[in-house]
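Subject: Structure handover

Hello,

Here is the structure I promised to pass on to you. Please open it alongside this message, and my notes follow below.

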Amino acid sequence: MRYLQQIVIVAVLMQLLVSTWARTRFVREPSLVASSLWNEIEEIDNNESGSDHGVVDRSTFWPSKAKKAYHYGMEERRKKYLGEPVNFQGGHSLQGLWAMPGRHKTISMKRTTMSSPVIDRFDLFTIVFNIIISIIGGIVVNRLIPMLKEKFIKAQLWGYDLNKRNSKEIKVAESQGVIVAGIFLVLMFIMIAIVFSEHLHPESDFPNHKFVEYLAALLSICCMVLLGFADDVIDIRWNVKLWLPMIASLPLLLVYFANYHSTTIILPKPVRPYFGQQWNLGILYYVYMSMVAIFCTHAINILAGVNGLEVGQSVIIAGSVLIFNLIELQGICAEEHLFSLYFMIPLIACSIPLLIRNWCPAEVFVGDTYCYFAGMTFAVIGILGHFSKTMLLFFIPQIINFLLSVPQLFKFIPCPRHRLPKLDPALNKLNPSDVEFKKKDLKPLGWLMLRFFSLTKFIRYREYQNNDNETMINTTNFTIINSVLCWFGPLHEEKLSRILMLIQLVFGSLLTFFVRYYLVRFFYDS
């Protein structure tokens, strides 16, 4: 406890010192900034009056100058230059499929090149500071897990590692994801003062809408951490916890409604002759965003059951999102990707120590707390970072696993409580788990699903006669984990984990970047 108190005291002092230093180091005098900006804006006004066809070249002004004008309170000019949606000349949307609609406002441009960088010195400082405190947070997590795991066991938060020969001999601490989530939240609270320190000047125009987004994101994550830990402790029923992420996502939806309130999507080129260029989904768009939150939160929890899998897939997804954010930092959506970076860097740094200790053979279990925490973090930055569709592409293995699990999740095929692989003690290798049921109890739709996934080699099943001369069906459980074991045969748990990580890397990351930066040109304008 004394160790935790020292960490909190040091963190608070560091936050105060760095935010004060950043304020004095990076914030310029508002009078000087305002004066220079007024001169630039007046020059643009003069150019506007003499431009051809009313098209103004504002490429040297937007967005870095617009950001500074926003920071220093020139309301009327901000409304004038940021009051309409941003489109290239010719009407090609800058957002396309990959950004949520309604974020930017329209400024006609002759060219898209920017003469000044979008990310300024203060943004670089916040990134570097985020990396530093994230490394410190990772070290703290690495120290806390061995210190606290015995306390979790004493509190009856433990389980057996069923995929080991001596599984009944060793108690393994569960719910260690709550340690990662707790340190992550501490780091994000520290970042609040750092990120918004450049707006602490008395004459600065504080970005309330960004501040509310930040707080709403943390509120949603906190809600899922609480609900995840409650699930670990009291084992909430599946049909109840399925809808918990939708409740936790309400702050995100309200912030989106207040700040953007646009529900129009851009349609792909092949369908535009039939359905038009864009659709306004209305309230269905908010339903879509809540479904994204539900899916991201539960997708990681469904694809679980072997050591290192939950944390491993989360780290790969977070690393892929981090690379995507870095690529897009010089683009028109830099602010949104900078927002995402603030969340992804601490998530990776705090998760790596847990991955090391959860890797085969596991010292600790992550619990539902980590799965819900990581999933909601991805949903938050996908929605508020305005790249929810790209985020879903990073979840391709999880989407496949969900579709494969539909027959059992929705009771078309009997579903046991646990669908973990089963251990062959003689070989110390895992085999696919299975389920048995009477063929006459199988409904026609369930039979079609069984046949389809059997033909596509995702499952194996067989029919036989029992002692009562009834036709029985024995089938492997409908998960990617069992499918891999069907494809490759019995595997040691560590090798199985490595194969699943490779699947996540290839189909969740590399394929997404191929689609995002190459294939998309055939379906969208930009």
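What follows is a short tour, from the overall picture to single residues.

First, the ground rules. This is a predicted model, in which local features need pLDDT of at least 70 and side-chain atom pairs count only at pLDDT 80 or more, while totals for chains, interfaces and linings use all residues. Residues are numbered from 1 along each chain as its sequence is written, and side-chain values use heavy atoms, with hydrogens and water left out.

**Overall**

The protein has 20 helices and nine strands; helices (H or I, at least four residues) and strands (E, at least two) are DSSP runs, numbered from the N terminus. Of its 526 residues, 53% are buried. Here buried means under 20% relative accessible area, exposed means over 50%, and partly exposed is in between (1.4 Å probe, protein chains only). If you take the contacts between residues at least 6 apart in sequence, 75% of them join residues at least 24 apart; contact means heavy atoms within 4.5 Å.

**Helices**

Helix α17 (residues 396-409) has 14 residues, and its first and last C-alpha atoms are 19 Å apart, close to the 20 Å expected at 1.5 Å a residue. That expected span is 1.5 Å times one less than the number of residues. There is a bend of about 30 degrees at Leu403, and a proline, Pro407, follows within four residues. The bend is the angle between axes fitted to the seven residues ending at a residue and the seven starting there. Buried residues of α17 include Ile396, Asn401, Leu404, Pro407 and Gln408. After the helix comes Lys411, with a positive phi near 65 degrees.

Helix α13 (residues 309-328) has 20 residues that should span 28 Å at 1.5 Å a residue, and the 29 Å between its end C-alpha atoms agrees with this. Most of α13 is covered, with 16 of its 20 residues buried.

For a helix pair, look at α10 (residues 250-259) and α12 (residues 283-302): their axes come within 10 Å and cross at roughly 145 degrees. Axes are lines fitted to C-alpha atoms, for helices over the stretch in contact, and angles run from 0 to 180 degrees between N-to-C directions. The crossing is right-handed, a term for the near helix being turned clockwise from the far one by less than a right angle, with anticlockwise being left-handed. Leu253, Tyr256 and Phe257 of α10 meet Tyr285, Tyr286, Met289 and Ser290 of α12.

**Around Asn477 and β9**

Asn477 sits in the loop between β9 (471-476) and α19 (480-488), yet it counts as buried at 1% relative accessibility. Its side chain makes polar contacts with the side chains of Gln408, at 2.9 Å, and Ser433, at 2.8 Å. A polar contact is a pair of N or O atoms within 3.5 Å; within protein, one must be able to donate a hydrogen and the other to accept it, and residues adjacent in sequence count only if both atoms are side-chain atoms. Beyond its neighbours within four places in sequence, Asn477 also contacts other residues, among them Pro416, Arg419 and Asn482.

Within strand β9 you will find Ile473, which is buried at 0% relative accessibility. Its C-alpha is 4.6 Å from that of Glu463, ten residues away along the chain. Leaving out residues up to four places away in sequence, Ile473 touches several residues, including Phe437, Leu442, Trp447 and Tyr461.

**Loops and backbone**

His492 lies in the loop between α19 and α20 (493-517) and is partly exposed at 31%. Not counting residues up to four places away in sequence, His492 touches Cys360, Asn428 and Lys429. The peptide bond from Cys360 to Pro361 is cis, with omega near -5 degrees, and Pro361 is in the loop between α14 (334-358) and α15 (367-384). Asn428 is not a glycine, yet its phi is positive at about 55 degrees; it is partly exposed, at 25% relative accessibility.

Asn469, in the loop between β8 (461-465) and β9, also has a positive phi, near 65 degrees. With a relative accessible area of 61%, Asn469 is exposed.
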